[in-house]
Amino acid sequence: MLVSFKQLIKKEVLPSIKAVQKSAQKIAFKLKGPANVDFDFDTLPALDKGVSIDEIIKGLEIPKDLPYNLKEKLAFFLEHGYVVLEQIIDHTKLDQLWNEVESVIEHNEKYEIEGIAHRFNNQVPTPIKDIPKEKLKGIGSRINDYHDYSKLAKEVCSEPALRVFLEGSLEKNIAVFQSLIFKYSSQQGLHQDFPWVTTTIPSHLAAAWIPLEDVHANSGPLVYYPGSHRMPKFDFGNTGILFKGGQSLMHPENDFTPYLEKTVQKLQYKKEILLIKKGDVLIWHGALAHAGSPINDPSKTRKSLVVHYSSLTGLPHHRSSPTTNNESEKVQQVTFYTNDRLKHLKNIL
Ligand SMILES: O=C(O)CCC(=O)C(=O)O
Ligand SMILES: [Fe+2]
């Protein structure tokens, strides 16, 4: 009787008290109004700090036959928070990459490679050999950090025409933070990346959306709001502009997404839909508001590789390794940190 009373307190009463406390904290926080929250000016990338583009370009090693005007593209990115670099990646290489992914999924029973599938294992990254093939092939699945396993993916992520743009927008010496392979739209709500894709310096973050096929309008294209990288930042409460599970008072879906939706309306940013072709690459600023739109036609795939990048200063070690371990490999001048936990799977493909 006593035990069950204790259990009742632990299971029912304490969580309710905690929930009431948290609500009270949230109300107090909301009444106080947002703090003055922004990126630390001193650690901003040179472009965001206002250093002239000519000056930035002078310090870079520009690949021969760069198929776009770097100065124009950097100026566009500075103003709009995104840019499309047209036809910078060889189609054959992209086809080879997707074929490799297909074959891995087809033979998932052989691989420890980690994936996430819709409503499976609480969305925890799981070895794909333990995920039913049909789930892996379906909407809502993704493979995390595919570049850890695949030399070909590393080559695509470090494409020189892409790398030099990232160096201009972040800092010379680029490091890959994380990557995702999608077969279908993520259908993810409106968000900015920097609150969770947390680098050591939050402003040193940019992402590339690399289509592995031409994007179809009904496949749930990526959407984004040009200029929104300059909107006032959301205050997560207790943790400033960054989201930290368990510590932040504000909730990503219940508070952050509605804030972004309201603010893009208020500041009259116009939504753009990303309908780019295989070979093109979209690069977006770590603070640009974007979403994976809903899939109108479930037969339409939207094969893509999404890569988040930082600089060597912004990310001096693997995102989940202790600060002392910065074992890495360089491919085409881009740094790929070794994931300690999955070391045995490095470059198996
Ligand atoms: O491709 C998508 O649907 C969204 C990807 C995304 O927002 C991200 O990985 O940060
Ligand atoms: Fe994102």
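**Close-up views of a predicted model**

View 1. Along the principal axes, the C-alpha atoms of the chain fill a box of roughly 75 × 50 × 45 Å. The radius of gyration is 21 Å, which agrees with the value near 20 Å that a compact globule of 349 residues would have. In secondary structure, the chain carries 10 helices and 13 strands. As for burial, 37% of the 349 residues count as buried. Take the contacts between residues at least 6 apart in sequence, and 76% of them join residues at least 24 apart.

View 2. Is Ile295 buried, exposed or partly exposed? It counts as partly exposed, because 19 C-beta neighbours fall inside 10 Å, and a buried residue needs 20 or more. Setting aside neighbours within four places in sequence, Ile295 is in contact with Ile139, Tyr184, Ser185, Gln187, Ser219, Gly220 and Lys300. Thr257 is 38 residues away from Ile295 along the chain, and the two C-alpha atoms are separated by 19 Å.

**View 3. Helix α9, tucked in.** Helix α9 covers residues 160–169, and eight of its 10 residues are buried, so the helix is largely enclosed by the rest of the structure. Which residues of α9 are the buried ones? They are Leu162, Arg163, Val164, Phe165, Leu166, Glu167, Gly168 and Ser169.

**View 4. Helix α10 and what comes after.** Helix α10 runs over residues 252–266, 15 residues in all. From its first C-alpha to its last, α10 reaches 20 Å, close to the 21 Å expected at 1.5 Å a residue. Following α10 comes Gln268, with a positive phi near 55°.

**View 5. Two loop residues with positive phi.** Start with Asp65, which lies in the loop between α3 (53–58) and α4 (70–80). Asp65 isn't a glycine, yet its phi is positive, about 55°. With 7 C-beta neighbours inside 10 Å, Asp65 counts as exposed, since the cut-off for that class is 12 or fewer. Next is Asn238, found in the loop between β7 (222–224) and α10. Asn238 is another residue other than glycine with a positive phi, this time near 75°. How exposed is Asn238, and what is the count behind that? Asn238 is partly exposed, with 13 other C-beta atoms within 10 Å.

Methods: Residues numbered from 1 in each chain as written. Chains lettered and ligands numbered in written order. Predicted model: local features only at pLDDT ≥ 70, side-chain atom pairs only at ≥ 80, totals over all residues. Helix = DSSP H or I, 4+ residues; strand = E, 2+ residues; numbered from the N terminus. Expected span 1.5 Å × (residues − 1). Rg over C-alpha atoms; globule rule 2.2 N^0.38 Å. Contact = placed C-beta atoms within 7 Å.
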